[in-house]
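Subject: Structure for you to look at

Dear colleague,

I am handing over the structure below, together with my notes on what came out of it. Please read them alongside the model itself.

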Amino acid sequence: MTIQLEGKKIQDQDQFIVPQTNAFGHNFRDYNNAQSERQKGVEKFYKTQHINQTYDFVKKMREDYTKLDKAKMSIWECCELLNDVVDDSDPDLDEPQIQHLLQSAEAIRKDYPNEDWLHLTALIHDLGKILVLPKFGGLPQWAVVGDTFPLGCSFDESNIHHKYFKENQDFNNSIYNTKNGIYYDFIGLENVMMSWGHDDYMYMVAKENGTTLPSAGLFIIRYHSFYPLHKYGAYKHLMNDEDEENLKWLHVFNKYDLYSKSKVHVNVEEVKPYYMSLIEKYFPAKLRW
């Protein structure tokens with residue numbers, strides 16, 4: 001099977017072996033195993049997220065962060081900041097985020113050696129998690145990480161821990177609680193308000209700073225946590241033709257994003273020169289954040 005996109009090809013890959021269990025010995029994205037304290041913490045996280053991520057909240061966040069006035073630094077400087085970040089919503093890993101980025105990027109690089117834009121996309125896809133750091137607003141984890149979902153329409157039942165949306169003020173809002181809500185079929189995801197977090201923030205940073213990554217790279221950055229869509233096929237009625245094409249690349253990326261998480265660390269200094277060359281190719285030296 002070969003998928004064409006912007007002159008590139010997506011080849012089925014046999015090299016990447018999907019592990020059966022995560023770093024803790026459990027199934028990946030297992031939100032139903034309540035035996036561990038980490039699993040209980042993940043459910044508590046989603047309860048808080050689902051209650052507080054409202055249309056009005058996201059609108060306010062976007063208005064604030066669109067200013068890109070928090071810092072001026074390079075992509076690699078941002079990568080190094082992630083050494084201080086651990087994602088509380090992730091049941092599969094408790095390692096510093098920089099290792100997850102490099103693990104994903106190196107796994108993709110091995111299987112797709114000619115798609116350097118995809119290697120770089122993997123490296124930077126989670127950089128928006130710096131939002132938890134004081135300099136970037138010190139946002140609570142529920143406003144930074146976790147699965148994302150559209151606001152302004154009904155909450156699809158494929159959303160993890162869906163039951164907690166009943167406490168969200170938008171749940172009973174007649175303007176928002178229908179399948180389309182304020183949108184219409186095939187409107188295009190770029191016109192849909194997504195829950196606020198690291199995905200949308202990093203997309204905003206990349207786009208506004210003039211990255212030359214292809215649209216598929218930006219799509220991956222913005223929607224890689226949108227599991228209701230790329231795992232369960234929910235909300236596809238809101239997608240346009242370009243979204244459909246870019247989703248094919250997101251499906252490729254997601255396997256590496258999810259299953260490359262490991263306790264085995266990548267040697268940062270060894271791979272740094274390669275990724276620095278990609279950063280120079282696709283981004284300015286300094287970015288506004």
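Helices α7 and α9 are roughly perpendicular to each other (the term covers angles of 65 to 115 degrees, with under 35 counted as roughly parallel, over 145 as roughly antiparallel and the rest as oblique). The axes of α7 (residues 215-223) and α9 (residues 241-259) come within 9 Å and cross at roughly 70°, where axes are lines fitted to C-alpha atoms, for helices over the stretch in contact, and angles run from 0 to 180 degrees between N-to-C directions. The crossing of α7 past α9 is right-handed, that is, the near helix is turned clockwise from the far one by less than a right angle. On the α7 side the contact (heavy atoms within 4.5 Å) is made by S215, A216, F219, I220 and Y223, and on the α9 side by E242, D243, N246, L247, W249, L250 and F253. Sorted by class, this contact has eight nonpolar, two polar and two charged residues, with Ala, Val, Leu, Ile, Met, Phe, Trp, Tyr, Cys and Pro taken as nonpolar, Asp, Glu, Lys and Arg as charged, and the others, Gly among them, as polar.

Please keep in mind that this is a predicted model, in which local features need pLDDT of at least 70 and side-chain atom pairs count only at pLDDT 80 or more, while totals for chains, interfaces and linings use all residues. Residues are numbered from 1 along each chain as its sequence is written, and side-chain values use heavy atoms, with hydrogens and water left out.

As for the chain as a whole, the protein has 10 helices and four strands (DSSP runs, H or I of at least four residues for helices and E of at least two for strands, numbered from the N terminus). Of its 289 residues, 56% are buried, meaning under 20% relative accessible area, whereas exposed means over 50% and partly exposed lies in between (1.4 Å probe, protein chains only). Among contacts between residues at least 6 apart in sequence, 78% join residues at least 24 apart.

F186 is found in the loop between α5 (116-124) and α6 (198-208) and counts as exposed, at 59% relative accessibility. Y235, in the loop between α8 (227-230) and α9, is buried, with a relative accessible area of 5%.
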